[in-house]
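Here are a few exercises to work through with the model open in your viewer. Try each one before you read its solution.

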Amino acid sequence: MVQPLYATAGDGTKLFAQDWGSGRPMLLLAAWTFNSSIWGSQIVALNANGFRCVAPDRRGHGRSDMPMAGYDLDTLTDDVAAVIEQHDLHDVTIVAHSMGSIEAVNYLARHGAKRIARLVLVAPTTPFIVQTEDNPDAVPRAMVDAQIAAIAQDFSKWMGENEAPFFMPDTAEVTRAWIREMMLSVPLPVALARRKTISFADLRAAASGIDRPTLIVHGDNDASAPSS
C-alpha cells in the first residue's frame, strides 16, 4: 500500500513525513529545529533490520506547511497524533530525541497508549527543565530566559558560540555545516515559539502516568538538559 507523504492536522496544516520500509513501525521525533532528514542513517539501519520508519517534519520545519500559529504543546502533540492515525500506525515504538520527548510524553497523556508499544527517549528534556521550589535540580529560569533572548537577538551567533558540546571533536565540518543550515532554515519566530513551548512545559504529571516500557538514554555531559 502506498503511504501518504502528508498528513493533515486539525487546522488544515499539511505535515510531511518520510515513510520507509515495512514491519513493526517506529515513529522518529526529532530535536528542536531539526527535520526528518536528521534520521537518515537510522532509517537505513532500521529498515535493514525489518522496521518501518515514519519520520515527520513538524509544522514550520522541512517540507511541512508553515502556519503562523500552532506551536503550543497541545497542537504540536495533536500533529503527532495526526501522523500516527493517518499513516495507520499501530504497535508503535516512538523514538524521541531531545525536545521531541515532550511531544512523545504529552501524546500518551493526551491521546492514550492504544497505538503505542514502547518509548525510547534519547537525551530527553522531560519532564521539566526549569528550576522551581519543587524542581530544584534543574536549569534556573534566568538562564533559560537569557538563552531565549540570545537566540532572538542573533540566532546564527548563538549557534556558533554554543555548538561545540553538541559535536564530537572529529565531526566533519560538512556535517556541522549541514546541521547549522537545517537549524537556520527554520524561521526565527517558529524557532522561538517552539523553544518557549518546550522550555516551560511541565510534564511531570504526564511522565508519571506512562504505562509503556520506556528506555531513557542520556549522557552525563548533555548541554541542553544536564542530568543531575
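**Exercise 1.** Work out how helix 5 and helix 6 pack against each other.

Solution. Start with the axes (lines fitted to C-alpha atoms over the stretch in contact, angles running from 0 to 180 degrees between N-to-C directions). Those of helix 5 (residues 155-162) and helix 6 (residues 173-184) come within 11 Å and cross at roughly 145°. Helices here are DSSP runs of H or I with at least four residues, numbered from the N terminus. Next, look at who meets whom: F155, S156 and M159 from helix 5 face R180, M183 and L184 from helix 6, where contact means heavy atoms within 4.5 Å. These residues split into four nonpolar, one polar and one charged, with Ala, Val, Leu, Ile, Met, Phe, Trp, Tyr, Cys and Pro counted as nonpolar, Asp, Glu, Lys and Arg as charged, and the others, Gly among them, as polar.

A word on ground rules: this is a predicted model, so local features need pLDDT of at least 70 and side-chain atom pairs pLDDT 80 or more, while totals for chains, interfaces and linings use all residues. Residues count from 1 along each chain as its sequence is written, and side-chain values use heavy atoms, leaving out hydrogens and water.

**Exercise 2.** Is V190 buried or exposed, and which residues does V190 touch?

Solution. First place V190: it sits in helix 7 (residues 188-199). Its relative accessible area is 6%, so V190 is buried (under 20%; exposed is over 50%, partly exposed in between, with a 1.4 Å probe and protein chains only). Then skip residues up to four places away in sequence, and V190 touches R59, G60, H61, M66 and Y71. Finally, check P67: 123 residues apart along the chain, yet its C-alpha is 9.2 Å from that of V190.

Key: Helices (H or I, at least four residues) and strands (E, at least two) are DSSP runs, numbered from the N terminus.
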